[in-house]
Amino acid sequence: MGLYSLFRPAAFALDAETAHRATIAAVKLMPARRPPAFPRALKSTVAGLEFPTPVGLAAGFDKDAEVPERMLGFGFGFVEVGTVTPRPQEGNPRPRLFRLSEDRAVINRMGFNNRCQLAAAERLRNRGLHGVIGVNIGANKDSADRIADYVSGVRTMAEVADYITINISSPNTPGLRQLQDEGALNALLSAVGEAREEDGPPIFLKVAPDLGEGEPDQIVRVAAQHRVDAIIVANTTLSRPPLKSRFKDEQGGLSGAPLKPLALSALRAFHEASGGTIPLIGVGGIATADDAWERIRAGASLVQLYSAMVYEGPGIARSIANGLLERLLREGFSNIAEAVGTG
Ligand SMILES: Cc1cc2nc3c(=O)[nH]c(=O)nc-3n(C[C@H](O)[C@H](O)[C@H](O)COP(=O)(O)O)c2cc1C
C-alpha cells in the first residue's frame with residue numbers, strides 16, 4: 001500500500017465525501033509524473049487506441065477532470081473522467097457517499113454533481129500527450145431533452161477526449177436507465193451517430209449490471225447497428241447482496257466487492273451476446289490481479305476499478321498490472337490481447 005497506508009487512517013477519519021475531496025486536493029499537490037513504462041506484453045489496441053496496460057480508472061473518481069494525468073502517473077493504463085453534464089449540477093443533498101468498510105464496498109447517490117462539460121473540456125485542452133483519457137457524459141437531471149444533452153457532450157468533448165462514454169446506467173438520475181430500453185437506445189444512438197464526426201473519438205456505452213434476461217442481446221444489437229466501439233459492463237447496482245455495514249440500507253448504487261459476481265455475470269452475458277464482435281470493458285468489484293484476469297478471460301479487453309482504490313490506494317493499478325503480467329507468462333500467452341475471452 002506504500003504511502004497510502006499513512007494517508008488512509010486520516011482519510012477514513014473523515015466522512016467519505018470530505019475524504020474524497022481531500023484526496024483530490026492531495027493528488028493535485030503532488031508533482032506531475034510521466035506514466036511508468038510497462039512491458040509490451042501488457043499493451044493492446046482497443047477501438048483504435050493504444051493502452052499500455054488494460055487496468056483503467058473508472059468514472060466518478062475524477063468527475064471534473066482535475067487530475068487525470070496524475071492518475072496516469074500512478075500507473076493506470078487509462079483514466080475515465082466524468083460524468084459531466086451540459087450544465088453544472090449540485091447533485092443530491094449530502095450525505096450521499098458511504099464507505100462500507102466491512103464489505104469493502106461503497107454506496108453512492110451523488111447524482112452527477114459536476115461543474116459542466118465545457119469546464120472539463122477547458123481543463124483537458126491543456127493536457128499533455130501521454131496516455132488515454134476518456135470522458136464520460138450524461139444528462140442533466142432536469143433536462144427537457146436528454147438525448148440533446150448527450151449530443152452536446154459528444155460535440156463538446158470530440159476535440160479533447162480520447163474516447164467518449166455514453167453513460168445511461170447511473171441509478172441516481174431518475175429515469176436515466178430507461179435509455180437502455182431498445183427504442184430509447186436506438187433514438188439516442190442515432191442522434192449520437194449524427195453528431196459524431198468521421199475522425200472523432202470512439203464512442204463507448206456504459207450499461208447497468210441490473211439487466212433482465214434478453215436485455216444484453218438487445219443492447220448489443222442496437223450498439224452494433226450504431227457502430228458503438230466498446231461496451232463498459234458495468235455501473236453500480238441497485239440490488240443489495242447481503243452486507244454487514246451500518247450503511248447497508250442507504251439508497252444509491254452499490255460498488256466494490258459485493259458487486260463482483262453480478263458484474264462478472266453481466267460481462268459474460270454481454271460476451272455471449274456479442275460473440276466477441278464489440279470490445280468489452282469489465283468493471284465492478286475488481287480488487288486483485290485474479291479478479292482482473294478472470295474478467296479478461298471472460299471476454300473483457302480492458303478493465304476498470306474505483307472502489308478498491310478507496311481501500312488499497314492508487315498503487316493498486318500497478319500491482320494489478322504486474323500480477324496480470326505474471327499470469328500471462330505463467331499460462332504461456334505473449335500478449336494480453338491473446339487471453340481475452342479464453343476463460
Ligand atoms: C463514488 C462513486 C461515484 C461514481 N460516479 C460515476 C459517474 O459519475 N459515472 C459513471 O459512469 N460511473 C460512476 N461510478 C461507477 C464506477 O465508475 C464503476 O462503474 C462502479 O463503481 C463499479 O466499479 P468498482 O466496484 O470498481 O467501484 C461511480 C462510483 C462511485 C463509487
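**Close-up views of a predicted model**

**View 1. The β5–β6 pairing.** Strand β5 and strand β6 (residues 105–108) run antiparallel and are joined by 4 bridges. The model shown in this and the following views is predicted. Within the pairing, Leu-97 has Asn-108 of β6 opposite. The two strands make a hairpin in which 4 residues lie between β5 and β6. Arg-104, in the turn, has a positive phi of about 50°. Both faces of β5 are covered. Leu-97 and Arg-99 are buried on one side, and Phe-98 and Leu-100 are buried on the other. In general, side chains of a regular strand alternate between the two faces of the sheet.

**View 2. The closed barrel.** A barrel is closed by 8 strands with parallel pairing, in the order β3-β4-β7-β8-β9-β10-β12-β13. From one strand to the next, the twist averages 30°. Helix α11 packs on the sheet and touches β3 (55–57) and β13 (300–305). The direction of α11 makes about 160° with that of β3.

View 3. β7 (residues 132–137) is mostly covered, with 6 of its 6 residues buried. Val-132, Gly-134 and Asn-136 point one way from the strand, while Ile-133, Val-135 and Ile-137 point the other way. β7 pairs with strand β4 (residues 78–84) in the parallel sense over 6 bridges. In that pairing, Val-79 stands opposite Ile-133 of β7. β7 also pairs in the parallel sense with strand β8 (residues 163–167), over 4 bridges. There, Gly-134 has Tyr-163 of β8 as its bridge partner.

**View 4. From β8 to β9.** The pairing of β8 with strand β9 (residues 203–207) is parallel and has 4 bridges. Thr-165 has Phe-204 in β9 as its bridge partner. Strands of a sheet pair through backbone hydrogen bonds, either parallel or antiparallel.

**View 5. Packing of helices α4 and α5.** Helix α4 (residues 117–125) packs with helix α5 (residues 146–157) at an angle of about 15°, and the axes are 10 Å apart. α4 is therefore roughly parallel to α5, since angles under 35 degrees count as roughly parallel. The crossing of the two helices, α4 and α5, is right-handed. On the α4 side, the contact is made by Gln-117, Leu-118, Ala-120 and Ala-121. On the α5 side, Asp-149, Ser-152, Gly-153, Thr-156 and Met-157 take part. By class, the contact of α4 with α5 has 4 nonpolar, 4 polar and 1 charged residues.

**View 6. Ser-334 in a loop.** Ser-334 lies in the loop between α11 (316–330) and α12 (336–339). Is this residue, Ser-334, buried or exposed? Its relative accessible area is 53%, and a residue counts as exposed over 50%, so Ser-334 is exposed. Gln-225 is 109 residues from Ser-334 along the chain, and the C-alpha atoms of these residues are separated by 33 Å.

Definitions and conventions: Residues numbered from 1 in each chain as written. Predicted model: local features only at pLDDT ≥ 70, side-chain atom pairs only at ≥ 80, totals over all residues. Heavy atoms only, no water. Pairing = 2+ DSSP bridges. Axes fitted to C-alpha atoms, helices over the stretch in contact; angles between N-to-C directions. Parallel < 35°, antiparallel > 145°, perpendicular 65-115°, else oblique. Left-handed = near helix turned anticlockwise from the far one by under 90°. Contact = heavy atoms within 4.5 Å. Nonpolar A, V, L, I, M, F, W, Y, C, P; charged D, E, K, R; others polar. Buried < 20%, exposed > 50% of the residue type's maximum accessible area, 1.4 Å probe, protein only.
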